[in-house]
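Here are my notes for you, as numbered points to read alongside the model. Please keep the sequence and the 3D view open as you go.

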Amino acid sequence: MMWTDLIQHLHAINPGDATPYLPAVEGSLTRVVGMTLEAEGIDVSIGQACELMTSSGPVAAEVVGFSGNKAFLMPMAKVANLRVGTRVRPSQHGTGILVGDGLLGRVINAMGQPLDRRGPLTQVHISELGQQAINPLDRHPISEPLDVGIRAINGLLTVGKGQRIGLFAGSGVGKSVLLGMMTRFTNADVVVVGLVGERGREVKEFVDHILGEEGLRRAVVVASPADDAPLQRLRASHLATEIAEYFRDQGKNVLLLMDSLTRYAQAQREIALAIGEPPATRGYPPSVFAMLPQLVERAGNGVEGGGSITAFYTVLTEGDDLQDPIADSARAILDGHIVLSRRLADEGLYPAIDVEASISRVMPSVVTEQHLEFAQRFKGLQSTFTQNKDLISIGAYQKGADTELDVAIEKQPQLKRFIRQSLSQAVSFQEANRQLAQILQDKADAQRPLAPAS
């Protein structure tokens, strides 16, 4: 008798409740290749949780694909003692997540379990995983600036509440430090930090030294280091987003910092290639580029009168290549990008924000026309100086040959000081705007007309 026939028979003899009569349906492993486990004999769906009944105890796994009557699974953690015939059964546990104010000040892993050795979570409740997306016509438009406490961003690349922006950087140019500064200095109500796929030692360094006690007090940190299984890295990204959505639905302004979007894409690449999906662009299969907008689009403003999620996603540019497939795809779906320059970092300029290569697409909607003019004027002077830097360095430029360049040379120290900011210094949105105006309206530049707002 087939399982479907048995179920129909049980419903026939007890139409009110056939569940107690159903035995646990178990399958077995038939093949293990790398991280991919093949099982037969179980009726499961994509994304469903299962348990591998090893001799060391049950191990969580998740269904990631099918081929005929075979189900492809991937373990959620390191697993040992696997062998052909190992029992596989669908998990009886739900897929909900713990949310609530009790998460504030805590560090948790991809499964929602505390990592900070401060005891079990309290003041939390279970919420279903995977909320429905907000109707785009119901979202409140981005109309207010968010103060992130960074002078160069507040003044030149103003971020709006509900904006999604990329932080593009190679390794070792200060992106984690910049994220930590924002968590301490921002005026957002709640900060959710997702540390996905980074080095394990960086988690403690970020929490203890970069984030600090003050920043952690109103923050939730979800950590899944590089040695976690790819499924855990994916889950950590979604968990951080789910937690941010919960606080947004409570009417709070949330700052979501995801470090990094590239590691999220690489985790999906590992899974997709392992189950046979063909690579498309530089080894990335098509599913990667389909999942990026699904994650990113969940951030943003809620309905009218509700909260917001302002999201910063770090994007690793391997070899400082801004045309990397993930970087290129991220630029297309985000509301702007901030580029950290290795050249500026080598010069000792921190944060190493390349204002010429960066843009905030919502800035014209959240600042005054005068503020926008000042920002454009700043970028124009910086660009003029950069283009002629070699001539200036070798002494080939004579003062007076180009009035615009003369102003750019004279103001270069002030422009650099505006971008430079110490780790312990917070600069509010109003103060950044005031200092920007002071630079561009002194005696040396007062007679020059500002560029018209676009």
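1. Of the 454 residues of the protein, 51% count as buried, where buried means under 20% relative accessible area, exposed means over 50%, and partly exposed is in between (1.4 Å probe, protein chains only). The protein exposes about 21,100 Å², and carbon and sulfur atoms supply 51% of that area; the areas come from the Shrake-Rupley method with a 1.4 Å probe, and for residues only the protein chains shown count as cover.

2. A word on what you are looking at. This is a predicted model, in which local features need pLDDT of at least 70 and side-chain atom pairs count only at pLDDT 80 or more, while totals for chains, interfaces and linings use all residues. Residues are numbered from 1 along each chain as its sequence is written, and side-chain values use heavy atoms, with hydrogens and water left out.

3. The secondary structure comes to 14 helices and 17 strands. Both are DSSP runs, numbered from the N terminus: helices are H or I with at least four residues, strands are E with at least two. Among contacts with a separation of 6 or more, 71% are between residues 24 or more positions apart; contact means heavy atoms within 4.5 Å.

4. Have a look at the barrel. Six strands close into it in the order S1-S2-S5-S4-S3-S6, with antiparallel pairing. The twist averages 45° from one strand to the next, using axes that are lines fitted to C-alpha atoms (for helices, over the stretch in contact) and angles from 0 to 180 degrees between N-to-C directions. Two strands pair if DSSP finds at least two bridges between them; S2 (residues 36-40) and S5 (residues 70-75) are joined by four.

5. Serine 287 deserves a click. This residue sits in helix H7 (residues 286-296) and is buried, at 17% relative accessible area. The side chains of serine 287 and glutamate 277 are joined by a polar contact of 2.9 Å. Such a contact is a pair of N or O atoms within 3.5 Å; within protein, one must be able to donate a hydrogen and the other to accept it, and residues adjacent in sequence count only if both atoms are side-chain atoms. Setting aside neighbours within four places in sequence, serine 287 touches Gln268, Ala272 and Glu277.

6. Please check two cis peptide bonds in the model. Aspartate 259 and serine 260 are joined by one, with omega about 10°; serine 260 is in the loop between S13 and helix H6 (261-274). Tyrosine 350 and proline 351 are joined by another, with omega about -5°, and proline 351 is in the loop between helix H9 (342-346) and strand S17 (359-360).

7. Finally, two arginines with positive phi. Arginine 117 has phi near 55° and lies in the loop between strands S8 (106-108) and S9 (125-127), where this arginine is exposed at 82% relative accessible area. Arginine 282 has phi near 50°; its place is the loop between H6 and H7, and at 56% relative accessibility arginine 282 counts as exposed.
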